[in-house]
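Student: I would like to go through this model term by term. Please set each value against its definition.

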Protein chains: 2
Amino acid sequence: MSKYIFYAPNPTSENRLSEEESFHASRVLRLKSGDQINLLDGQGGRYAALLDQVDSKKTTFTQLSLLEKQAIIPYQIHIYVAPTKQMERMEWMVEKCCEFGIHGIHFFHSRNSERKEIKLNRLEKIAVSALKQSKNLYLPEISPIKPLSTYMDSLVESASTQRLFAHISDPPVENLSKQLIQNKSYHVLIGPEGDFTPTESADLLRANWTPCSLGKSILRTETACIAATMGIHMVHE
Amino acid sequence: MSKYIFYAPNPTSENRLSEEESFHASRVLRLKSGDQINLLDGQGGRYAALLDQVDSKKTTFTQLSLLEKQAIIPYQIHIYVAPTKQMERMEWMVEKCCEFGIHGIHFFHSRNSERKEIKLNRLEKIAVSALKQSKNLYLPEISPIKPLSTYMDSLVESASTQRLFAHISDPPVENLSKQLIQNKSYHVLIGPEGDFTPTESADLLRANWTPCSLGKSILRTETACIAATMGIHMVHE
């Protein structure tokens with residue numbers, strides 16, 4: 001496997017690197033025409049290729065060959081989170097969730113949200129670099145901030161999905177790991193630092209979302225996202 | 001509970017805050033004599049007190065009363081890790097492990113280690129602030145870098161302990177969660193980015209350390225520490 005890994009979403013139909021990856025190949029790594037590279041399509045595919053024209057804006061490749069097509073795991077993880085004030089915490093959450101393997105990271109704003117806008121582009125870059133260094137070949141979908149209600153309305157219950165939300169209560173509700181039914185598509189809501197309001201929690205319960213605990217500790221928002229993602233994987237180990 | 005929380009290791013025998021906490025109380029929070037504070041002793045105790053003399057170097061408190069003495073959990077988590085080149089990654093590892101709850105974070109250097117020295121003081125500060133914001137009242141022991149062999153020699157097998165090391169192999173070894181015997185004192189070694197050398201792994205196996213997987217993904221060193229800590233807690237949920 002080449003140590004030069006690039007992200008190219010459609011390598012079979014488009015034999016060129018993005019402007020950003022082109023710059024990285026030519027100016028940062030100083031690669032030359034004929035150098036061996038690997039390509040990740042973010043959809044389970046890992047390819048070998050040779051660099052053709054190396055240009056800081058448009059680098060092309062040739063002799064594409066599929067090295068590996070990673071099987072899709074039988075369950076899906078989607079985390080929905082109210083972004084924290086410090087963007088840095090969301091950045092590492094994305095990195096870590098991608099390391100563990102995740103299918104979607106979706107942002108919402110609710111009553112106690114601290115941040116109303118988010119730079120998706122930067123988070124997508126972090127996801128791509130996490131993909132390059134982990135063994136996961138699937139790039140998660142990262143979606144912009146929407147009102148919590150949007151997700152509550154659009155995510156309907158079905159035989160193949162399980163909808164949960166992190167809930168701190170006394171006495172505590174059951175742990176996430178105890179409530180998971182194997183091989184579903186999991187949608188987990190993680191509230192803001194100030195948590196969901198009692199009204200929001202009541203609405204979620206009324207809409208049949210399952211409240212779950214993530215352990216005895218009070219976790220920061222970003223840590224809760226990691227805990228949920230890792231917990232779901234552990235249950236399937 | 002007061003929103004002003006300070007760390008004071010021996011509040012019953014010493015009615016004063018450290019110089020650092022004194023500065024925080026007087027200069028940052030601008031608290032006054034008579035203000036209500038909470039104190040954490042890092043050994044399970046949470047106290048109420050009133051500030052007496054507020055001074056940037058030596059702030060004293062009075063009317064100490066115990067609010068809570070957190071029970072010791074029936075298992076212990078000790079992580080041993082080869083520090084990463086980027087200290088920032090170890091800093092967040094400490095923060096996150098403290099959020100989940102951990103008893104000891106110990107550093108070692110092995111053949112592929114990237115860092116030979118470490119600033120304990122900064123990590124201890126991070127542990128204290130994580131203690132203040134999580135519900136854990138136990139401050140972990142954080143110990144300086146020692147050779148891997150020191151720990152291999154000093155940590156002997158016993159009925160109350162379980163010794164494991166993160167091991168990437170093909171086919172993979174069994175997951176940590178599958179190998180844990182409940183309510184032990186767990187000692188988990190996490191190798192450097194370049195992993196343990198074959199010789200080091202062989203030595204660990206010969207010394208009866210249990211190899212374990214932390215999942216299908218390749219995790220960064222700091223992520224592996226979180227995964228092990230969280231995995232141990234999950235098994236006890």
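This is a predicted model: local features need pLDDT of at least 70, side-chain atom pairs count only at pLDDT 80 or more; totals for chains, interfaces and linings use all residues.

Student: What makes strand S3 and S4 of chain A a pair, and in which sense do they pair?

Tutor: Two strands pair if DSSP finds at least two bridges between them. S3(A), residues 45–51, and S4(A) have six bridges, so they pair. The sense is antiparallel. Residues are numbered from 1 along each chain as its sequence is written, chains are lettered from A and ligands numbered from 1 in the order in which they are written, and side-chain values use heavy atoms, with hydrogens and water left out.

Student: What is counted as a strand or a helix here?

Tutor: Both are DSSP runs, numbered from the N terminus: helices are H or I with at least four residues, strands are E with at least two.

Student: What is the strand order of the sheet in chain A?

Tutor: The order is S1-S2-S3-S4, in an open sheet of four strands with mixed pairing.

Student: Why are S1 and S4 of chain A said to stand at the edges?

Tutor: S1(A) (5–7) and S4(A) (61–69) each have a single partner strand, so one side of each is left without a neighbour in the sheet. From one strand to the next, the twist averages 30°.

Student: How do you know that H3 of chain A packs on this sheet?

Tutor: Contact means heavy atoms within 4.5 Å. Helix H3(A), residues 120–133, touches S1(A) and S2(A) (36–40). Its direction makes about 145° with that of S1(A). Such angles run from 0 to 180 degrees between N-to-C directions, with axes fitted to C-alpha atoms, for helices over the stretch in contact.

Student: What does chain B have for a sheet?

Tutor: Four strands form an open sheet in the order S1-S2-S3-S4, with mixed pairing. S1(B) (5–7) and S4(B) (61–69) are the edge strands, each pairing on one side only.

Student: What makes S2 and S3 of chain B a pair?

Tutor: Five bridges join S2(B), residues 36–40, to S3(B), residues 45–51, and the two run antiparallel. Leu40(B) stands opposite Arg46(B). Helix H3(B) (120–133) packs on the sheet, touching S1 and S2 of chain B.

Student: How is the interface between the chains sized?

Tutor: The size of an interface is often given as the accessible area lost when the parts come together. Here, that is area lost to a 1.4 Å probe, summed over both parts. Chains A and B bury about 2700 Å², 54% of it on carbon and sulfur atoms. In chain A, Ile218(A), Met234(A) and Glu237(A) lose the most area to chain B, together 23% of what that side buries. By contact, 29 residues of chain A meet 30 residues of chain B.

Student: Why is the link between Glu99(B) and Arg220(A) called a salt bridge?

Tutor: The term asks for a side-chain nitrogen of Lys or Arg within 4 Å of a carboxyl oxygen of Asp or Glu. This N to O distance is 3.8 Å, so the pair qualifies. Ten salt bridges are counted between chain A and chain B. H2(A) (87–100), H5(A) (176–179) and H7(A) (221–235) each supply at least two residues of the side of chain A that touches chain B.

Student: What kind of peptide bond joins Asp170 and Pro171 in chain A?

Tutor: A cis bond, with omega about 0°. Pro171(A) lies in the loop between S8(A) (161–166) and H5(A). In chain B, a cis peptide bond likewise joins Asp170(B) and Pro171(B), with omega about 0°.

Terms used
Buried area is the accessible area (1.4 Å probe) that two parts lose on being put together, summed over both.
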